[in-house]
Amino acid sequence: MILAERMHRLGTESAFEVLARANKLAQQGRDIINLGIGQPDFPTPDNIVAAAQKALADGHHGYTPANGILPLREAVAEDIEKYRGVEIDPDRIVIVPGGKVTMYFAITMFGEPGTEIMYPDPGFPIYRSVIEFSGAKAVPIPLYEENGFSFSAEEVLSKITERTRLIIVNSPANPTGGVVPKEELDTLVAGLEKHPQVMVMSDEIYARMVYDNMPHASMTVYPELADRLILLDGWSKTYAMTGWRLGYAVWPKNLAEHATRLAINIHSCVNAATQYAGIEALKGPQDAVDRMVAAFDERRQVIVERLNQLPGVSCIRPGGAFYAFPNITGTGRSARDLQDTLLSEVGVALVAGTSFGDQGEGYIRFSYANSVENIERAIDRIDRFLAG
Ligand SMILES: Cc1ncc(COP(=O)(O)O)c(C=O)c1O
């Protein structure tokens, strides 16, 4: 058996490995507090579950159009108008099984040997993994703690070469909870005028989770990017639907058919009942989302305050998503060592910053998609451990 060479370049997402180890320890009877997992700890709202059940009862059992059923694409367009103030033709929308699929489509559409794709570091690990899989060179965009884990647009622009095909932006971000300020996006977009061959993929999957009354700064609002922007979003985080596998992208008009062709080759369509659930999620009451985001905000206050009291740890206040990314250099331990030791010795599952890129050394990711009580218990344990 001779595996294709690119298989050796495909990375992974360590959060899944940490989850597997945490589950194994829990099965052995250990009391594990999981702050490693990047998914809401709430169930999918009942009205959404009921819509899927109704779709099955109504006989929606077959294939759908590869780009998704029209009422769902229309609901997405309405949602984009409501939350981002931008009018989008539903024909530019392609429904896919989760946010990750758009990432894979965009990166493999533009990445090939001899090209470069820029990605945030620390950032969602699948960006770099798929860039390398595509044969393109992965060029990190460093995110800085002192900038609230935003990038510097000037620095991004200075790294563009004639080989650059795609820039990936993610705000609010995993793993840092960082939010890129609107002014930084303005500078980036203005500078991109000089590089018309460069596409942008804006991963806005945490768009509804922005705190402190800040509006979400979306990249969809720049008309000059309409032919160059791929918007990635989905239902996983906003509606606590990670296991349903439902996401969407808005593609430039001439790329939607390429994305649809990839869908036809790979998964045919998203399962029909899930698409009906997706309509209910967008058009139904939003109070469950509001309650969930309010709960995350409360936990954010608790976790940041408690982390800053730990010896050797400091944590800036994340502006969005449900992650805190404290600086742990003062503990004298590497990120990976702290991750492994805290899981095995005190039963707290976290993810080392290095799982998100080379710039992640000295940091560890806490997901606060867990109860205040569990967050407090976890930090009590870490406190006792670090205090020796
Ligand atoms: C930044 C970011 N983008 C995309 C995804 C993928 O979401 P999905 O589960 O819908 O594929 C995640 C999931 O953790 C994420 O953190």
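The largest pocket of this predicted model holds about 410 Å³ of space. A pocket here is an open set of points on a 1 Å grid over the protein atoms alone, with protein on both sides within 12 Å along at least five of seven lines. Its volume is the space filled by probe spheres set on the points, which are joined across faces, edges and corners.

As a predicted model, it is read with limits: local features need pLDDT of at least 70, side-chain atom pairs count only at pLDDT 80 or more, and totals for chains, interfaces and linings use all residues. Residues are numbered from 1 along each chain as its sequence is written, and side-chain values use heavy atoms, with hydrogens and water left out.

**The ligand**

The largest pocket is also the space that the ligand takes, where sitting in a pocket calls for more than half of a molecule's atoms within 2 Å of its grid points. Around the ligand are 14 residues, and G99, D203, Y206, S236 and K237 are the closest; to count, a residue needs a heavy atom within 4 Å. Helix α4 (residues 99–110) supplies the largest share of this shell, 3 residues.

| Residue | Ligand atom | Distance |
|---|---|---|
| D203 | nitrogen | 2.6 Å |
| S236 | oxygen | 2.6 Å |
| R245 | oxygen | 2.8 Å |

The protein covers 94% of the 390 Å² of accessible area that the ligand has on its own, by the Shrake-Rupley method with a 1.4 Å probe.

**Backbone details**

You will find R245 in the loop between β7 (229–234) and β8 (247–250). Most residues other than glycine have a negative phi, and most peptide bonds are trans. The bond from D121 to P122 is cis, with omega near 0 degrees, and P122 lies in the loop between β3 (116–121) and α5 (125–134).

How values were computed
Polar contact = N/O pair within 3.5 Å; in protein donor to acceptor, adjacent residues only side chain to side chain. 1 Å grid on protein atoms, 1.4 Å probe; cavity = no way out; pocket = protein on both sides within 12 Å on 5 of 7 lines; lining within 4 Å. Helix = DSSP H or I, 4+ residues; strand = E, 2+ residues; numbered from the N terminus.
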